[in-house]
Amino acid sequence: MAHGHDHGHPGPAGRRDRLLLTLLVTLTVMLADAVGAWLSGSLALLADAGHLLTDAGGLGLALVATVLVERPPSDARTWGFRRAEILGAAVQSALLLAVGVYVLVEAVRRLFQPAPVTSGTMLVFGLAGLIGNGAGILLLAGDRAEGLHLRAAFLDVLNDALASVAVLVAAAVIRVTGWTRADAVVSLVIGALILPRTWRLLREAVDVLMEATPKDVDLAAVRTHLLGVPHVLGVHDLHATTVATGLPVLTAHVVVHDACFRHGDLPAMLDRLQSCLAGHFDVVHSTFQFEPAGHAAHEHQGHG
């Protein structure tokens, strides 16, 4: 019997459309910020335009990744293009990290060498940027849990909105007090907004590419659970990695009593082991190699 489940999550086509629309909005706001920076002399607007240019590239990568992950697996790529989202997130976050460092360096320079800024122009273009970024947040909010590339895109737009707020604050301060260093201070704030989240995202993407153990999979606990299954004598070569968001995989060599091979116990043991992982650790993709106790002498050295 087939059961239909509709949890209200947008489909791939809907995510593509939202990403494309957000990309167009981002490019429009970026051009507006660039024009505003040229007219007003504001570093904050220029920094935001540079940030938006990087975000546009990131959104483009996210859009491409969304298309690629739908391609079916093949003998050459057994997981299809599921990891494309991780590659996209890694490139996107690395570029954004570079932009954040540049903004911080330039902002420090402007603190010591302030430049004239037209506050009225800053206000107009800062408000336009905030409206555009708000639209982008609404477009991507529902999709951000669907993958690292979509989470990266949402964080980019959220950072842009916060940067637009900071630009408006700087423009208001300059207009009221004439203190032009507020532009540099806000640029420092924008850099501070960019760097921490970007670093975390880059670290997560690199962990996946380096096949680190997923953070929500405790291998020590997994080993304990597997050893608790009847007839299991030992577990080695235990590895857990992440193929893509929401897709952890685990492999292990499981040493069992020799009699299990003679009595046909292995199919039931396989079901029990896989059910244990799926139920306790939410790992659905698992592969086990059963070995008799005497097989240890044939194993290569250095296995974990």
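Trainee: The side chain of S93 reaches the backbone oxygen of A90 at 3.1 Å. Which helix is S93 found in?

Mentor: Quick caveat: this is a predicted model, where local features need pLDDT of at least 70 and side-chain atom pairs pLDDT 80 or more, while totals for chains, interfaces and linings use all residues. Residues are numbered from 1 along each chain as its sequence is written, and side-chain values use heavy atoms, leaving out hydrogens and water. Helices are DSSP runs of H or I with at least four residues, strands are runs of E with at least two, and both are numbered from the N terminus. The run covering residues 84–112 holds S93, and that's α3.

Trainee: Is S93 buried or exposed there?

Mentor: Away from its own stretch of sequence (residues up to four places away aren't counted), S93 touches T198, L201 and L202, where contact means heavy atoms within 4.5 Å. Under 20% relative accessible area is buried, over 50% exposed and in between partly exposed, using a 1.4 Å probe and protein chains only. S93 comes out at 2%, so it is buried.

Trainee: On to the largest pocket: how much space lies in it?

Mentor: A pocket here is an open set of points on a 1 Å grid over the protein atoms alone, with protein on both sides within 12 Å along at least five of seven lines; a 1.4 Å probe is used, and lining residues have an atom within 4 Å of a point. Points are joined across faces, edges and corners, and the volume is the space filled by probe spheres set on them. For the largest pocket that gives about 520 Å³.

Trainee: Which element gives the most to its lining?

Mentor: The lining has 22 residues, with P214, K215, D216, T242 and G246 nearest the centre. Four elements each supply at least two: α5 (148–177), α6 (181–209), β1 (232–244) and β2 (247–256). With three residues, the top contributor is α6.

Trainee: How far is G246 from D282 in space, C-alpha to C-alpha?

Mentor: G246 sits in the loop between β1 and β2, and its 71% relative accessibility is why it counts as exposed. In sequence, G246 and D282 are 36 residues apart, while their C-alpha separation is 9.5 Å.

Trainee: What is the phi of H231?

Mentor: H231 lies in the loop between α7 (219–227) and β1. It counts as partly exposed because its relative accessibility is 40%. Although it isn't a glycine, its phi is positive, about 80°.

Trainee: And what about the phi of D237?

Mentor: D237 lies in strand β1 and counts as buried because its relative accessibility is 9%. It isn't a glycine, yet phi is positive here too, at about 50°.

How values were computed:
A polar contact is a pair of N or O atoms within 3.5 Å; within protein, one must be able to donate a hydrogen and the other to accept it, and residues adjacent in sequence count only if both atoms are side-chain atoms.
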